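Student: Could you take me closely through the salt bridges of this predicted model, setting out which partners meet and where they lie?

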Amino acid sequence: MTDQTAVRTVLFDLGFTLTYFDGDFEKTTSESYVVLGNALNRQGCHLNVVKFADRFQDLIVQYYHDRDKDLVERPVEDLIHRVLKRAGQDHLPPEKIRLAMDEMYAVTEERWKLEADAHSTLQDLISRGYRLGMVTNAADAVDVAKIVDNHRLRIYFDAIIISADYGIRKPDPRIFEIALQRMAADRTSTVMVGDNLGADILGAHRAGLRGIWITRRSEDPRSALLRNSIIPDAEVAALADLPELLQSWEAGDGQKPH
């Protein structure tokens, strides 16, 4: 590379970067809210499950809207308590709420599939001497941990930073700072790889990191609008393209300033 420090640390997003969702995400999550309602009833509530699921979905939609603006990751348990309180059923202890949540998330967890080139790419990068970390936005850390472990990903990463554990979301630069501190990494030698321009690339740039946009799952229509204002340092179509890209940077070719 000519004018920047060589990359030594690579941070990855999880969803739609290392994994993809197999199916209709909105339909499946709606189904999972019904599963949640039934699970809460088995734990001791007396809910109209259809009404519960509709109310919970309304709160989730509002939650997604709010967190996109303030970048605050709030516990999903709080939303459940709000619906239960409105129904006069807010009496379950935390451990029973957790059991019901686990049933809800199990519906979507089985749909998160590993990209075919994930393991080989991560192994390749480690063999070349790169240190790897993960920075992912998610409403529930337990859910993410299960997805990570279902696909045997944990062994590759020196640190896994989940927004739900810290109450802040990408593109807030503080979550990248946490990753840098946990890994004792230098921002000038760290790059973020992710599918979301607004979260991964903008967040990386705000934290002083380089950002590589992986495009094969980037179907968010907002990307077209962001493309003119958020310029990644590089783009790859697949994970398997990363080692060659980083090697070209080492050789001083193909570097894009941000």
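Tutor: In this predicted model, the structure holds 19 salt bridges, and a few of them can be followed one by one. One of these joins the side chains of R42 and E103, with a nitrogen-to-oxygen distance of 2.3 Å. Because R42 belongs to helix 1 (residues 25-42) and E103 to helix 4 (residues 94-109), this pair ties together parts that are 61 residues apart in sequence. R42 counts as exposed, at 53% relative accessibility, whereas E103, at 30%, counts as partly exposed.

Another salt bridge is formed by E115 and R216, whose closest N and O atoms are 3.6 Å apart. Here both partners sit in loops, E115 between strand 3 (112-114) and helix 5 (118-127), R216 between strand 7 (210-214) and helix 10 (222-226), so the pair ties together parts that are 101 residues apart in sequence. E115 is buried, with a relative accessible area of 5%, while R216 is partly exposed at 29% relative accessibility.

The side chains of D200 and K170 also meet in a salt bridge, at 2.6 Å from N to O. Since D200 lies in helix 9 (residues 197-206) and K170 in the loop between helix 7 (163-166) and helix 8 (173-183), the pair ties together parts that are 30 residues apart in sequence. Both D200 and K170 are buried.

Technical notes:
Residues numbered from 1 in each chain as written. Predicted model: local features only at pLDDT ≥ 70, side-chain atom pairs only at ≥ 80, totals over all residues. Heavy atoms only, no water. Salt bridge = Lys/Arg side-chain N within 4 Å of Asp/Glu carboxyl O. Helix = DSSP H or I, 4+ residues; strand = E, 2+ residues; numbered from the N terminus. Buried < 20%, exposed > 50% of the residue type's maximum accessible area, 1.4 Å probe, protein only.
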